[in-house]
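The stops below are given in the order in which they may be selected.

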Amino acid sequence: MSLVEEKSFEKITVRDLCQRAHLNHSTFYRQYHNKYELLMDILPEFIENVFSGEWTNSEEMLRSILAWTEDNRIVVRNLLAEIDSMTTYRELLRAVSEQILSNPIQNTVTSTLADTINRMYFPKLVAENMATLMFQVVLQWADQSKFTEAKREAYIADVLRLFQL
């Protein structure tokens, strides 16, 4: 993750990873086929950090995720904003969708969301759409140069309206 703070995930090579971790290439390849497998291995903990919190309503959840985004703006931009091949985006989307459906974090908002989505005709598709919405919200928020304080609050209000649909 420290490399992702420096450059986009798409530009990180296995060589970069091995140098940073002081590993030989063969050691890396004994555990992983490529950098995407490594990302998938660490992604659940990363996503859990985003979704950690005790929320009783959608506004608390949204504000918590946006606060996390502010604290991790560079990582968010480098993981999501500069994706050339879409491979990383698709893998992140899949992981977040699974997180939404499995609901490993027990709090009122995520439990209700997971229960509701799992009762739908196409829960995986709906979860993927919800994950896409969340990514877009986070990406927009990560580029806060667009937002004055009033615009930030208006944006939060708009997103909350979507959550209520």
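The tour passes from the nonpolar cores to a pocket and then to the salt bridges.

**Before starting**

This is a predicted model, in which local features need pLDDT of at least 70 and side-chain atom pairs count only at pLDDT 80 or more, while totals for chains, interfaces and linings use all residues. Residues are numbered from 1 along each chain as its sequence is written, and side-chain values use heavy atoms, with hydrogens and water left out.

**Stop 1: the nonpolar cores**

Select Leu-43, Phe-51, Leu-79, Val-96 and Ile-100. Of the 40 residues in the largest nonpolar core, these five touch the most other members. A nonpolar core is a set of buried Ala, Val, Leu, Ile, Met, Phe, Trp, Tyr and Cys residues joined through side-chain atoms within 4.5 Å. Buried means under 20% relative accessible area, exposed means over 50%, and partly exposed lies in between (1.4 Å probe, protein chains only).

Next, colour the helices that supply at least two residues each to this core: H1, H3, H4 (58–71), H5 (73–81), H6, H7 (108–118) and H8 (123–142). Helices here are DSSP runs (H or I, at least four residues), numbered from the N terminus. Helix H3 gives the most, with eight residues. A second, separate core has nine residues, including Phe-147, Ile-156, Val-159 and Leu-160.

Which residues are in contact with Ile-100, leaving aside its neighbours within four places in sequence? They are Leu-113, Ala-114, Ile-117, Ala-127, Met-130, Ala-131 and Met-134; contact means heavy atoms within 4.5 Å.

Then select Gln-99, which lies in helix H6 (residues 87–102). Gln-99 is buried, at 13% relative accessible area.

**Stop 2**

Display the second largest pocket, whose volume is about 230 Å³. Of the 19 residues that line this pocket, Met-1, Leu-3, Leu-17, Leu-38 and Ile-42 are the closest to its centre. Helices H1 (14–21), H2 (25–31) and H3 (35–51) are the elements giving two or more residues to the lining. By type, the lining divides into 14 nonpolar, three polar and two charged residues.

A pocket is an open set of points on a 1 Å grid over the protein atoms alone, where a 1.4 Å probe fits, with protein on both sides within 12 Å along at least five of seven lines; lining residues have an atom within 4 Å of a point.

**Stop 3: the salt bridges**

The structure holds six salt bridges, each a side-chain nitrogen of Lys or Arg within 4 Å of a carboxyl oxygen of Asp or Glu.

- Select Lys-7 and Asp-16: their closest N and O atoms are 2.8 Å apart. Lys-7 is partly exposed, at 29% relative accessibility, whereas Asp-16 is buried, at 17%.
- Select Glu-153 and Arg-63, which meet in a salt bridge of 2.6 Å, N to O. Glu-153 lies in helix H9 (residues 149–164) and Arg-63 in helix H4, so the pair ties together parts 90 residues apart in sequence.
- Select Arg-161 and Asp-158, whose side chains form a salt bridge of 2.5 Å, N to O. Both residues lie in helix H9, three residues apart, about one turn of the helix. Arg-161 is exposed, at 51% relative accessibility, and Asp-158 is partly exposed, at 40%.

Note on methods. Points joined across faces, edges and corners; volume = space filled by probe spheres on them. Nonpolar A, V, L, I, M, F, W, Y, C, P; charged D, E, K, R; others polar.
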